[in-house]
Amino acid sequence: MPSLGATFGRGAATTAQWDIANADCVVIMGSNMAENHPIAFRFVMQAKEKGATIIHADPRFTRTSALCDIYAPVRAGSDIAFLGGLINYIINSERWLNDAFFREYVVNYTNIATIIEDNFQDASELDGLFSGWQAEKLSYNVDSWQYRGMDIPATLAEAYVHPSTEDPDKAIEKQQELTRRLPPSDRTLQDPKCVYQILKRHYAAYTPEMVERVSGCPKKTFLKVAETLLNNAGRERTGAWCYAVGWTHHTTGVQMIRAAAIIQCLLGNIGRPGGGILALRGHCSIQGSTDVPTLYNMLPGYLPQPSAMKPHKNFDRYVEVETPPTGWWHNFPKYIISLLRAWYGNAASAENEWRYPWIPKIVADHSQEPMMLAIADGLIRGLLLIGQNPVIGGHNSKLVRKGLANLEWMVVRETFENETASFWYKSPEAKDTNGAGPRAQDIKTEIFLLPAALPGEKEGSFTNTQRLLQWHDKVVEPPGDCRSDLWFMFHLGKRLKQLYANSQDPKDEPIKNLTWDYPTQGAQEVPSADAVLKEINGYTWPERKQIEDFKELKDDGSTACGVWIYTGVYPRADFNHARSRKPDLPDGPGTHLDWGFAWPSNRRIMYNRASADAEGKPWSERKRYMWWDGEKQQWTGKDNPDFSSNKAPDYQPDFSQGPKNGVDAHDGKAPFMMSADGKAWIFVPSGLKDAPLPTHYEPVESPVRNPMYGQQENPPVKKWARADNPYHRVGDPQYPYVITTYRLTEHHSGAIPTRFVPSLAELQPEGFAEIPPELAAEKSIANLDWIVISTARGEIESRALITERLRPFEIAGRRIYQIGMPWHFGWQGYATGDVVNVLSSIVGDPNTTIHEGKAFTCNLRKGRLQRPQQGVART
Amino acid sequence: MSVHPRAREYTESLLPGVIPQEAELTAGTRIEPGRSYGFFTDTTLCIGCKACEVACKEWNELPAEEFKLTGDSYDNTGALSATTWRHVSFIEKLKDANGDRATELAPFQSNWLMMSDVCKHCSPAPCLESCPTGALFRTEFDTVVVQQDICNGCGYCVPACPFGVVEVNVPDGKAHKCTLCYDRLKGGLEPACAKACPTDSIQFGEISALHDRARKRVESLHAQGRSDAYLYGAPDTLGATNGINRLNAFFLLTDRPEVYNLPPQPSLPSRRVLPGLLSGLATMAAIAITAIVALAGE
């Protein structure tokens, strides 16, 4: 979530799902919310019942569109052109320029008035590039993106980009400027180098006509959206945005979300009821998996993963370069030391660098896509898969399968035998005894399929879309040999410790000294998930007394904490806040503070200081949420304040008394306390690898040249062009159609939990391709005809579902057809179909290395594939 | 629906037993014998998620249909049957009056219609009227249920139902259809489909309360420009015709009933008996007279 992190300080949804019901306008873009988040969509319907306008912008007319007031069709991958058009419309509108609300909000709470370095050059000047582009390194040097005379540390650990990596000490020194004065600004917004003026120049080309030309959205519809947004913003009204993987699955995904974040800043919609950005997550606990995290480039709680490519040679140096002088992250040493204490217990001490040297350093991009390439190349010999089905969900599935066939061993923990566990005898190439392979008889990978327990068969917590931890109890015992993932990891750890118990080799010390003392229950020695959550919450060391707030964490080793942002979830030995289920009654505040626990510190709307005006008064009675109580000298309201609770609105740091660190360097009007300057970043000086302001680039595979700039694609995009992962060139006549892939309500992702359930499988029993009737007519394809869809990576067959819900687009004077395919299907289970990700390529967003499954190109023809065994495999 | 005050009494996930009158918490209504209950299905709130179909099959332990793509939009179960008691139909009508794909849409559901169909639990009920064995009966909750242990499989109820709801199942030769979760109602639980519906498109309740709520909903929709919204199956509306006073499962629709595969004017079979008999007698008489005349002429 680097986009929300870079803009607001934390990579998570800013609001709570149920708060969407308070919105006057809901925009759903990059999400098919009704289909993929049907439960959350009830709150959109509640907002509608109260009179809100609902907008859906999407390449396809979906079940979400059917419930909206405005449906804006946009070509897959053109979102930034559309969003940039909105930004341009807003900042040039009468309303925005003349309503004092907007000026007060943006000047105080965002960096719109901040002055950027004089040598900054914008994409509008450099034909799609920003200053600092290093063509030989395919990356930016972001020195010129900094605030004038300062160096601004990123808020992100996961995408840490130091402005001057070549000379970290110079950067550290320049960062100290933040402790001596507020960043330079021009509150009149006239300075040509202030963010507002840069923003104006950057988006000047994003006119309604250009929006239509690039995205295909009719100008009239676009203007209707823009007016609706403006009309539902201000003191009395707020609007919310909901997005999901329809934005993240692009090579420009991070910048799409950034564009929405800018719009929400400009409209004064962050930190307020009925406002915010709801990042709808792809699975039930994906938020948890980034918090805790399962990502390779972060330690728990968004702490930076030690890296061989950064100045992290020892603990002191690591802490020095990773601790920003101002903002909440100034507390970083407390969190990392408490984490190391939790991991290594009494073996960690100040003298031995808290055992920092034991943490492996990353040496490259180790995320899933490069990992699959490394497997294909034989660099990785063994693979543990827990809740993953990469043959279906991984991109360029044939390459993935080729890699799996190279492995020596693979462990798959699943509830059913999935495609990944059965690829060696059931994939099309494995079954083709005369084919190029890998054929079944040649595959030597040893595969262990271990039966996994389902959620109802184990206890634990989910962290959902809105950062809410909800505990669930075990309902039934798992059958037979099925075990929970926690059981598996715990016993794997125990056996490793046993294996190395007598080793004298120093490299085995981390395993020998890992604290792994969770109590177990029963004959199967099921570890206590409760004890794990207590450790995640944190406690004093060595007494193990639960702590209530992360403000109690110390950098002297007297506290241990697994995930600092979760502190408060288990504040007392007898109180698991995540298990609490007390809703507010209709006359209550409606924030439901006793229903589960939302990180950080049970705050439901983040940055809620912004729900009050500069003086700390509610913007309006209708949108009352948090306010400054002058008598008690504290912030109060319906939620827990996401601000220093007794910092007055008129507080000004007195720099004449010496340097100010942490949030003391922020004034009383700085709601975004994670960032170095306490403001929301409309302009991102550091933390992102591709742009300080969202810019329209075409998807890596596009039928058209970029109508806006000479620069075709996102400049630092991650590409791996090779014989087994080829890309289509721009406008390749062999692959003239845009294809977008997606999920259906009826199935869940790789669909192992759904394709094996008869009452779900019958609802969407086969794969299909949605095709607009205009294209079907050209190709003489009738409904339910078999068709072959192909890319340079591979070809598959499917049935045609001809529907007007897909439409042709007129892009830059040309008619572009787009087709769509749900990607759930495979050869296992009751609902089957060819693997759609055979078509897609391995390619990545520069910040996240997330693929571009939402927009690439393909060809299609009527007919079927010649296969030894014709048709869709049935089991 | 707002949170019921009783929700505060049940804050534990592991409970000693079933919550008494749980429907009061989940649907705002107590379930007591002697009163009339039913469904108000508001299509303008339906998102086509099919949670109702799945909840129904799971609770009632109904088997899946054939795993086959129909090509009919996102509807792959086709119709109500002996084993599908909730069925969501999908009707695509993307184009506006000018023949263009619409971008400015009517509030709430439009352009891709989705409707969760179910047994109407008619009052009076045609199927019940035609049943010779008494297998079909009216329950203490004013719903209509088939008792398979009494059903002789004659199938009279099948053509009697004007909605095509009842079907005789091949494996057991008995009639099957929605029971409005008779077993759940007895336990104070709202029916599975209504409980699973995330957007309250399916609302369960006492029928008179549902009628009031539905009429207000129509008024509200009209005020918001949805002049096409109307009730189907409430007293004195389409669907409650020709001797059927009301459908205990009634609907809010925005297009003609036929579009949703509903008859515009369903009727009780007994209403069809007399005209059928009279026309038969008239035909007989006409033949007789013709014959007499013909013979007399010779």
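Two residues are in contact here if their C-beta atoms, placed from the backbone, lie within 7 Å. By that rule, 50 residues of chain A are in contact with 43 residues of chain B.

This is a predicted model, in which local features need pLDDT of at least 70 and side-chain atom pairs count only at pLDDT 80 or more, while totals for chains, interfaces and linings use all residues. Residues are numbered from 1 along each chain as its sequence is written, and chains are lettered from A and ligands numbered from 1 in the order in which they are written.

**Where the chains meet**

Let's stay with the side of chain A that touches chain B. At least two residues each are supplied by α3 (38–49), β3 (70–73), α10 (219–231), α25 (758–761) and β26 (795–802) of chain A. Helices (H or I, at least four residues) and strands (E, at least two) are DSSP runs, numbered from the N terminus. The largest share, 6 residues, comes from α3(A). By class, this side of chain A has 27 nonpolar, 7 polar and 16 charged residues. For these classes, Ala, Val, Leu, Ile, Met, Phe, Trp, Tyr, Cys and Pro count as nonpolar, Asp, Glu, Lys and Arg as charged, and the others, Gly among them, as polar.

**An enclosed helix in chain A**

Next, take a look at helix α4 (residues 79–91) of chain A. Its 13 residues should span 18 Å at 1.5 Å a residue, and its end C-alpha atoms are 19 Å apart, which agrees. The expected span is 1.5 Å times one less than the number of residues. 13 of the 13 residues of α4(A) are buried, so this helix is largely enclosed by the rest of the structure. A residue is buried if 20 or more other C-beta atoms lie within 10 Å of its own, exposed if 12 or fewer, and partly exposed in between, with C-beta atoms placed from the backbone.

One partner of α4(A) is helix α12 (residues 253–266) of chain A; their axes come within 9 Å and cross at roughly 15°. That makes α4(A) roughly parallel to α12(A). On the α4(A) side, the contact includes A:Leu83, A:Ile87 and A:Ile90, and on the α12(A) side it includes A:Met256, A:Ala259 and A:Ile263. By class, this contact has 12 nonpolar, 2 polar and 1 charged residues.

Helix α6 (residues 100–109) of chain A also packs here: its buried residues lie against α5 (94–98) and α12 of chain A. Those buried residues are A:Phe102, A:Tyr105, A:Val106, A:Val107, A:Asn108 and A:Tyr109.

**Two helix pairs side by side**

Another pair in chain A is α16 (residues 368–376) with α18 (residues 397–406). The table sets out both pairs.

| Helix pair | Angle | Axis separation |
|---|---|---|
| α4(A) and α12(A) | roughly 15° | within 9 Å |
| α16(A) and α18(A) | about 50° | 7 Å |

Axes are lines fitted to C-alpha atoms, for helices over the stretch in contact, and angles run from 0 to 180 degrees between N-to-C directions. α16(A) and α18(A) are therefore oblique to each other. Angles under 35 degrees count as roughly parallel, over 145 as roughly antiparallel, 65 to 115 as roughly perpendicular and the rest as oblique. In this second pair, A:Met372, A:Ile375 and A:Ala376 in α16(A) meet A:Leu399, A:Val400, A:Lys402, A:Gly403 and A:Asn406 in α18(A). These residues divide into 5 nonpolar, 2 polar and 1 charged.

**Loops worth a visit**

In chain B, B:Asn248 sits in the loop between β11 (246–247) and β12 (249–253). With 23 C-beta neighbours inside 10 Å, B:Asn248 counts as buried. Leaving aside residues up to four places away in sequence, B:Asn248 touches several others, among them B:Ser36, B:Lys120, B:Ser123 and B:Asp142. The C-alpha atoms of B:Asn248 and B:Pro124 are separated by 9.7 Å, although these residues are 124 apart along the chain.

B:Pro124 itself is found in the loop between β4 (122–123) and α3 (126–130) of chain B, and a cis peptide bond with omega of about -10° joins B:Ser123 to B:Pro124. In chain A, a cis peptide bond joins A:Trp599 and A:Pro600, with omega about -10°. A:Pro600 lies in the loop between β19 (597–598) and β20 (626–629) of chain A.

A:Thr849 has a phi of about 55°, but with 20 C-beta neighbours inside 10 Å it counts as buried.
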